[in-house]
Amino acid sequence: NKYEIANSLNDIATVYEAMGKFQEALEYYQKSYKINQEVNNKDVYAKILNSIGEVYEELENYDEALKYYQKAFVIQEKVSDNIVIAMALHNIGNLHKKMKKLDDALQYYEKSLIIAQNLNLRLTIMDNYKAFYEAYYILDEPKKALEYYQKYVAMKDSIFYSSNANKIILEGENVAEHVKDINMDMLSKDKALYKAQKEFVLFI
């Protein structure tokens, strides 16, 4: 089953990325991408392109990262996944900020923010407020920087410190699960990698 093989390859790539083994992650993401492309699984291979962009960003190869982010964005527009589009626009904005192209970064943040506000994606809204603050701070525009910093803090408090925080679902992810994933130790990663590789071998 090509879908299962592609998923196993993607799982292996994700583990390698979490372990900081970026070249290995790229190798398995590319393999997964190729199979998903063969079966025309656009929604999945768009996300893989985005993951490849993230790896190149970690490697500080910003030109290559931008290329993959833009490829992913074009596909995501076609499948109309607005949640992922909002996140992709934010990622592209971050990349432009790292490349010192702040005017371009602000344009992408604005597009991301509009979509996020329309869908009430509070985590993405918060991330964009923070990004605006950081960009305007670099541009030495203190009034705008302060305005977005205050919005960022207010949204952060609303998400993480309200009485209903334990019930909030953040764009498809439970907070507890998100924290659990972030804090997965290296032993768990090694076990996950071994399991994914074993499953992959069984599919061949």
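Select glycine 53 and show what surrounds it: beyond its neighbours within four places in sequence, glycine 53 is in contact with Ala65, Tyr68 and Tyr69. Glycine 53 belongs to helix H3. Its relative accessibility is 0%, so glycine 53 counts as buried.

**Zoom out**

This is a predicted model. Read from the N terminus, the order is α-α-α-α-α-α-α-α-β-β-α-α. Of the 204 residues, 41% count as buried. Take the contacts between residues at least 6 apart in sequence: 54% of them join residues at least 24 apart. The accessible area comes to about 11900 Å², and carbon and sulfur atoms account for 51% of that.

**The core**

Next, select Tyr29, Leu49, Ile52, Tyr129 and Phe132. Within the largest nonpolar core, which has 54 residues, these five touch the most other members. Helices H1 (2–18), H2 (22–38), H3 (42–58), H4 (62–79), H5 (82–98), H6 (102–119), H7 (122–138) and H8 (142–160) each give two or more residues to this core. In soluble globular proteins, nonpolar side chains tend to be buried together.

Stay on tyrosine 129. Setting aside neighbours within four places in sequence, tyrosine 129 is in contact with Leu113, Gln117, Tyr148, Lys151, Tyr152 and Met155.

**A buried serine**

Move to serine 112, in helix H6. Is serine 112 buried or exposed? Serine 112 is buried, because its relative accessibility is 0%. Show its contacts beyond four places in sequence: Ala86, Leu89, His90, Thr124 and Asn128.

**Along helix H2**

Select H2. This helix has 17 residues and reaches 24 Å from first C-alpha to last, close to the 24 Å expected at 1.5 Å a residue. Colour its buried residues: Phe22, Ala25, Leu26, Tyr28, Tyr29, Ser32, Tyr33, Ile35 and Asn36. Then step past the end of the helix. Asparagine 40 follows H2, and its phi is positive, near 60°.

**Salt bridges**

How many salt bridges does the structure hold? There are seven.

- Show lysine 2 and glutamate 38. Their side chains form a salt bridge at 3.2 Å, N to O. This pair links distant parts of the chain, with lysine 2 in helix H1 and glutamate 38 in helix H2, 36 residues apart. Lysine 2 is partly exposed at 44% relative accessible area, and glutamate 38 is partly exposed at 48%.
- Go to lysine 31 and glutamate 27, whose side chains meet in a salt bridge at 3.3 Å, N to O. Lysine 31 and glutamate 27 are four residues apart in helix H2, so about one helical turn separates them. Residues three or four places apart on an α-helix point the same way, because there are 3.6 residues a turn. Lysine 31 is partly exposed at 36% relative accessibility, as is glutamate 27 at 40%.
- Finish with glutamate 147 and lysine 151, joined by a salt bridge at 3.4 Å, N to O. Both lie in helix H8, four residues apart, about one turn. Relative accessibility is 34% for glutamate 147 and 33% for lysine 151.

**Last stop: the surface**

Select Ile83, Met87 and Leu119. Together they make a nonpolar surface patch of about 240 Å². Methionine 87 sits in helix H5. Its relative accessible area is 40%, so methionine 87 counts as partly exposed.

Terms used:
Residues numbered from 1 in each chain as written. Predicted model: local features only at pLDDT ≥ 70, side-chain atom pairs only at ≥ 80, totals over all residues. Heavy atoms only, no water. Core = buried A, V, L, I, M, F, W, Y, C linked by side-chain atoms within 4.5 Å. Buried < 20%, exposed > 50% of the residue type's maximum accessible area, 1.4 Å probe, protein only. Contact = heavy atoms within 4.5 Å. Patch = residues over 30% accessible without salt bridge, like charges linked within 9 Å, V, L, I, M, F, W, Y side chains within 5 Å. Areas by Shrake-Rupley, 256 points an atom, 1.4 Å probe, with all protein chains shown as cover. Salt bridge = Lys/Arg side-chain N within 4 Å of Asp/Glu carboxyl O. Expected span 1.5 Å × (residues − 1).
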